[in-house]
Structure formats: structure tokens, C-alpha cells
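Have a look at the structure first, then go through the points with it open beside you.

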Amino acid sequence: MSRNLLILAAAPTLGELRDTLVRLEDTIIFALIERSQFKHNNSIYEENKMSFKDGYKGSFLTWFLKEVEHVHAKVRRYQSPDEYPFTGNLPEPVLPPLAYPPVLVDPQNINVNEDIFDMYVNTVVPGITQPGDDTNYGSSATRDIECLQALSRRIHYGKFVAESKFQDPATHDEYVRLIREQNRDRLMELLTNAKVEELLLKRLKAKAIIYGQDLSSASMDANGNVKTPHESPGSSPVIGGKAEERAKTRVDYDLVVSLYRDYVIPLTKEVEVEYLLHRLDSD
């Protein structure tokens, strides 16, 4: 799914980045579907709800996330320029370092995972799960971490998007001027493409509708073609938004759209702006 960042000679073009970002949409939607099969299980998000033999103080999710990231750090996951940890004080890798080309100029090491974590736990999880506690704490937290990691990669890819826009000859001089002026608002305007964002949200809705359908009751006609329950005479297609049809999908497609519209896109653009504001720090 990832781009091979070891072979980059320059910042990826926006077209090249689009392929990666589109695939990440699929990853995020499927991760949300996987998490939605378990109930909310609020106990895993409450600090000091569970006791740990190592004396850790915090929630089960933050403890599990710390343990997972410690293992991943040892195999140099967070040396990759598109991976950002949620926890600190990570161990050094046991593998020798890889020589990633210096495509990004990020002296501040921008990391918005704290905002991502807060958004995910307080907004996303309650929206995609049923209330209650089914005691599937380990499974729920495992899916949570998969969602968090995918969201983090998607949002921090904004650095590559910002670098690509900065390198574009058509707008390079304008970006340089605004960066020197530290004009945050104008930078935000320059990098925003409302039409692309609109198309993105439409694509996400279509994907969430298609991927979220429950085909367990699908049947096969005499020719071997699959027929879904929504193809029976007089039935309504899932695309249409009726409440009863919406309930049959494994994840609320409006929630997926609002997740991107209200959080992923704004956070990505914040990463882009912060990256650009410090792009010339070393000059």
C-alpha cells in the first residue's frame, strides 16, 4: 500500500500522491468497519480503569498502543518519513538504519497525533459502534490501533503534499513569499482546492456505501450472478439514504464523510501549513 520512500529522488507529484491517498481511503474505511463489529467498550478508554503489573497509569488503549509502538520502533517503523508514533521514549531499532532520501524539510518534526487520538476516541468510536460492553477489549483495542495508525499516515502525508505544491514551478515563488511573510491564512487559501475536496467526499461516500454493504444474505441467480437483497423487486438501493437501508450497512457512510470533512481534511491542511511555515528555516 505504501510508496517505496527509499527510491524517491524528489518529492512525489500530486498525481503520484493521489494514488497513495486513495488507497489509504480504502484502508481507513475497512479499519472502521472492523472496529464497528464490537461494542463501544468504553472501559478501554478510561484512565486507571484497569491495573497493570508494570505500574502503568492510563487507559488500556494507551498502554496497548505504547506496547505495540515499542515493538514497531525496534523494527524501524518510525524511521520512515510517513510514520509517526503516538507515544514517546521509544527504543532504538535492532535493525540498521535505512537511508531515506531527504525529500522532506521538517525541522519541527510536526506531529498531530494527539489531536488525531482525541478525535478518534471521542468522536469516531462512539459514532461507529453500538453502545455497551461486550468485553472484547483486546480485539477492540487492536482495531483501534489499526484505525489510528491509518489516520495518522493519511494526515501526515500532508507534508508530502505540501512539498509537492511548494516545488510546483507555477506557485513556487508565491509560496516562498508567503512563507517569508509567515502568512498562515494566505498559505491555507493557496493550498486549498475546494473542487478536489468535494470530489474526495463524493468518492468516500460511494466507497463507504459499497464496502459497508452486508452481502451475507446475497443469493445467486440461475446464471451464477450474485444478487443482493436490495435487487429484489420493489426494494430500494442502498445509495439513496433511507434510514432503514442505512441501518443495513456495516458503517455509517455519512460518518465516514464527516470524519474526512470535519477532521481529516482540516488536520491534513494544518500539517501542510505548519510544514510550509518552517520550510525555509534552514535557508
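1. Let's start at Arg184, which counts as partly exposed at 35% relative accessibility. Its partner is Glu274, and the two form a salt bridge whose closest N and O atoms are 2.7 Å apart. Glu274 sits in helix α10 and Arg184 in helix α7, so this pair ties together parts that are 90 residues apart in sequence. Glu274 is partly exposed too, with a relative accessible area of 23%. Keep in mind throughout that this is a predicted model.

2. There is also a network to trace: Glu174, Arg177, Glu181, Arg186 and Glu189 are joined into one by salt bridges that share partners. One of its links is Glu181 with Arg177, where the closest N and O atoms are 2.9 Å apart. These two are four residues apart in helix α6, which means that about one helical turn separates them. Glu181 counts as partly exposed at 43% relative accessibility, and so does Arg177 at 38%.

3. Over the whole structure, a search finds 23 salt bridges. Another one to look up is Asp82 with Arg153, with 2.7 Å between the closest N and O atoms. It links distant parts of the chain, as Asp82 is in the loop between α2 and α3 and Arg153 is in helix α4, 71 residues apart.

4. Arg153 brings us to the largest cavity, where it is one of the lining residues, along with Glu69, Arg77, Tyr78, Glu83, Tyr84, Phe86, Gln149 and Ser152. The volume of this cavity is about 50 Å³, and the count of cavities of 30 Å³ or more comes to one. Helix α4 (residues 137-156) gives the largest share of the lining, three residues. By type, the lining has three nonpolar, two polar and four charged residues.

5. What does its side chain reach? The backbone nitrogen of Phe86, at 2.8 Å. Glu69 is buried yet has no salt bridge, and the nearest side chain of opposite charge, Arg77, is 7.1 Å away.

6. Ile116 is found in helix α3 (residues 113-128) and is buried, with a relative accessible area of 0%.

7. Next, the largest pocket, which holds about 640 Å³ of space. It is lined by 25 residues, and Leu21, Val161, Lys165, Asn193 and Val196 are the closest to its centre. Helix α1 gives the most to this lining, with six residues. The lining divides into twelve nonpolar, four polar and nine charged residues.

8. Last, check two backbone angles. Most residues other than glycine have a negative phi. Arg76, in the loop between α2 and α3, has a positive phi of about 60° without being a glycine. Gln182 is not a glycine either, and its phi is positive at about 55°. You will find Gln182 in the loop between α6 (172-181) and α7, partly exposed with a relative accessible area of 44%.

Terms used: Residues are numbered from 1 along each chain as its sequence is written. This is a predicted model: local features need pLDDT of at least 70, side-chain atom pairs count only at pLDDT 80 or more; totals for chains, interfaces and linings use all residues. Side-chain values use heavy atoms; hydrogens and water are left out. On a 1 Å grid over the protein atoms alone, a cavity is a set of points where a 1.4 Å probe fits but cannot get out, and a pocket is an open set with protein on both sides within 12 Å along at least five of seven lines; lining residues have an atom within 4 Å of a point. Grid points are joined across faces, edges and corners, and a volume is the space filled by probe spheres set on the points. Ala, Val, Leu, Ile, Met, Phe, Trp, Tyr, Cys and Pro count as nonpolar, Asp, Glu, Lys and Arg as charged, and the others, Gly among them, as polar. Buried means under 20% relative accessible area, exposed over 50%, partly exposed in between (1.4 Å probe, protein chains only). Lys and Arg count as positive and Asp and Glu as negative; His and the chain ends are not counted. A salt bridge is a side-chain nitrogen of Lys or Arg within 4 Å of a carboxyl oxygen of Asp or Glu. A polar contact is a pair of N or O atoms within 3.5 Å; within protein, one must be able to donate a hydrogen and the other to accept it, and residues adjacent in sequence count only if both atoms are side-chain atoms.
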